[in-house]
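User: I'm new to this structure and would like a close look at a single part of it. Could you walk me through one region and what surrounds it?

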Amino acid sequence: MSSESKEQHDLSPRDSSEGNDSLPYEVPLEAQKESSTDFKQFETNDQCRPYHRIHMEPQEKPNTNIKQFIIRKLEKSCQCSPAKAKNMIFDFLPVLQWLPKYDLKKNILGDVMSGLIVGILLVPQSIAYSLLAGQEPIYGLYTSFFASIIYFLFGTSRHISVGIFGILCLMIGEVVDRELHKAAYILPSSGMVVNGSILVNYTLDSTCDKSCYAIKIGSTVTFMAGVYQVAMGFFQVGFVSVYLSDALLSGFVTGASFTILTSQAKYLLGLSLPRSHGVGSLITTWIHIFRNIRKSNICDLITSLLCLLVLLPTKELNEHFKSRLKAPIPTELIVVVAATLASHFGKLNETYNSSVAGHIPTGFMPPRAPDWNLVPNVAVDAIAISIIGFAITVSLSEMFAKKHGYTVRANQEMYAIGFCNIIPSFFHCITTSAALAKTLVKESTGCQSQLSAVVTALVLLLVLLVIAPLFYSLQKCVLGVITIVNLRGALLKFRDVPKMWRVPCIALWEAGTAESAKDGTLANCRASLPSLVTPECASAMRPIMRRLPDL
């Protein structure tokens, strides 16, 4: 027996267990003999096998011509064939892929039902959010109509509802008010006076009043936001949505919701106040409200309270019984109809000077290009609007795609939402994106595809062609109440602040497991997880925080 085999036989059980950590028990003697014999046989056969030495020599890289390399790449990418052209068209218009395979018997009932309900909900919300953007009510209806049709053609998500969105309307309203303030519009009863040094182009157009100029600003911002979104899709920057965390988006939406609440408070009280601008505008607005609260319109105040008493409990009931209800109760539409009838027959505008929506025209206005002279003024504002719009749309698309087991393409979603802004900007529309509340309603009422968006567009078309003038007597305070009630979910996110405060501490505890497990400080910190950070936990995490760049 060779010396190697002797050493193997002389090993004690303890030495064997220490030498092999994966074997917690003693190896039997027969198994040791078999392994020793196999090893000898392998060693004998291995001696007869010739080995070839591999010499690694550094080689110089071939001298590549960058110009030729780029030309080859361009020639390869620019080659066109019928199959490639067909794939490009089908990728650019996803409706051509799924519509021919549409299962009519299985999906049509759910799509029609969800489309009708979302269309009914969109009518009052579109009118209310247009006031938030500083526009006439008709432009909100235009926006939701065109966005539904265009996303049906270009979108890859089956469930999201694209249309007018409160946060974006607030951002557009800030830009519109700023540009109107620069233009120094004054609208006395006799006519319009314009600062000619700023608005030379509009002094020649006697038909362009404050409303006309406001939609020019809004459509120009919308066009620029759409251009940015299409550019992001072209340069394949859809991965950016991964870095926009839920906490970041939730914080932005919650803060913006409080700003929307502030901007709508004057409508609830029937006050006529200018919108504040600049740093501290939120505080300034509340100061103006409390200073003028004695001038509140009693009729508007009572109407607002009544609408709140109806809408808030009904929203809670819809949320509580959503699993039992086949469709949510369209309380907003019921309130709008009832308030319009009460205002019309009670003559609240003439008797109590209550502010109403006014004339809403039927049909469509002739298309008009955005004002290119305003592009330098609004180009920077459109960047933030475009990023928020695509982030919300892509996040909702991916969330519902994972839930229902299909995939969406982030870059195609940016093309879709970009064209939902570029094309409607020529038809007097404002910026759009996906909206969580309407998407949840759409999904819960049986939506199976974007064919439901066509049904929603048909409902809006009926309103635009026939029903719109009937909302003449609708009080603006009712629209303000609808806007505020729809912020309920975003405002309730303030309750998540304590939980988010603990998230960095949890991450530090997980990262410092190896650092703190020896002395037991990690266990003590985990025990105090439900409470806020204690001084003992803070002292235990100091070495972990210093090591974070290395982890």
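**A close look around helix H8**

Analyst: Let's start with some rings: Tyr-139, Tyr-142, Phe-145, Phe-146, Phe-364 and Phe-427 are linked by ring pairs into a cluster. Keep in mind that this is a predicted model. Helix H8 covers residues 137–154, and it's the part we'll keep coming back to.

A quick word on the setting. The protein chain has 26 helices and 2 strands. It runs to 551 residues, and 42% of them count as buried. Take the contacts between residues at least 6 apart in sequence: 82% of those join residues at least 24 apart. The chain's accessible surface comes to about 31,400 Å², with 64% of that belonging to carbon and sulfur atoms.

Back to the rings. A search of the whole structure turns up 16 aromatic pairs. One of them is Phe-92 with Phe-154, an edge-to-face pair with 5.4 Å from centre to centre and 80° between the planes. Phe-92 sits in helix H5 (residues 82–92) and Phe-154 in helix H8, so this pair ties together parts that are 62 residues apart in sequence. Phe-154 has a relative accessible area of 9%, so it counts as buried, the cut-off being under 20%. Phe-92, at 34%, is partly exposed.

Searching the whole structure gives 3 cavities of 30 Å³ or more. Two elements give two or more residues each to its lining: helix H8 and helix H20, which spans 451–467. The largest share, 3 residues, comes from H8.

Sorted by class, the lining has 6 nonpolar, 4 polar and 1 charged residues.

You'll find Asn-107 in helix H7, which covers residues 104–132. With a relative accessibility of 12%, Asn-107 counts as buried. If you set aside neighbours within four places in sequence, Asn-107 is in contact with Tyr-102 and Gln-448.

Lys-347 is in the loop between helix H15 (331–346) and helix H16 (348–352). Its phi is near 50°, a positive value in a residue other than glycine. Lys-347 counts as exposed, at 52% relative accessibility. Asn-353 belongs to the loop between H16 and helix H17 (375–404). Phi is positive for Asn-353 too, near 60°, and again the residue is not glycine. With a relative accessible area of 63%, Asn-353 is exposed.

Note on methods
Residues numbered from 1 in each chain as written. Predicted model: local features only at pLDDT ≥ 70, side-chain atom pairs only at ≥ 80, totals over all residues. Heavy atoms only, no water. 1 Å grid on protein atoms, 1.4 Å probe; cavity = no way out; pocket = protein on both sides within 12 Å on 5 of 7 lines; lining within 4 Å. Points joined across faces, edges and corners; volume = space filled by probe spheres on them. Helix = DSSP H or I, 4+ residues; strand = E, 2+ residues; numbered from the N terminus. Nonpolar A, V, L, I, M, F, W, Y, C, P; charged D, E, K, R; others polar. Buried < 20%, exposed > 50% of the residue type's maximum accessible area, 1.4 Å probe, protein only. Contact = heavy atoms within 4.5 Å. Areas by Shrake-Rupley, 256 points an atom, 1.4 Å probe, with all protein chains shown as cover. Phe/Tyr/Trp six-rings, centres within 6.5 Å; stacked < 30°, edge-to-face > 60°.
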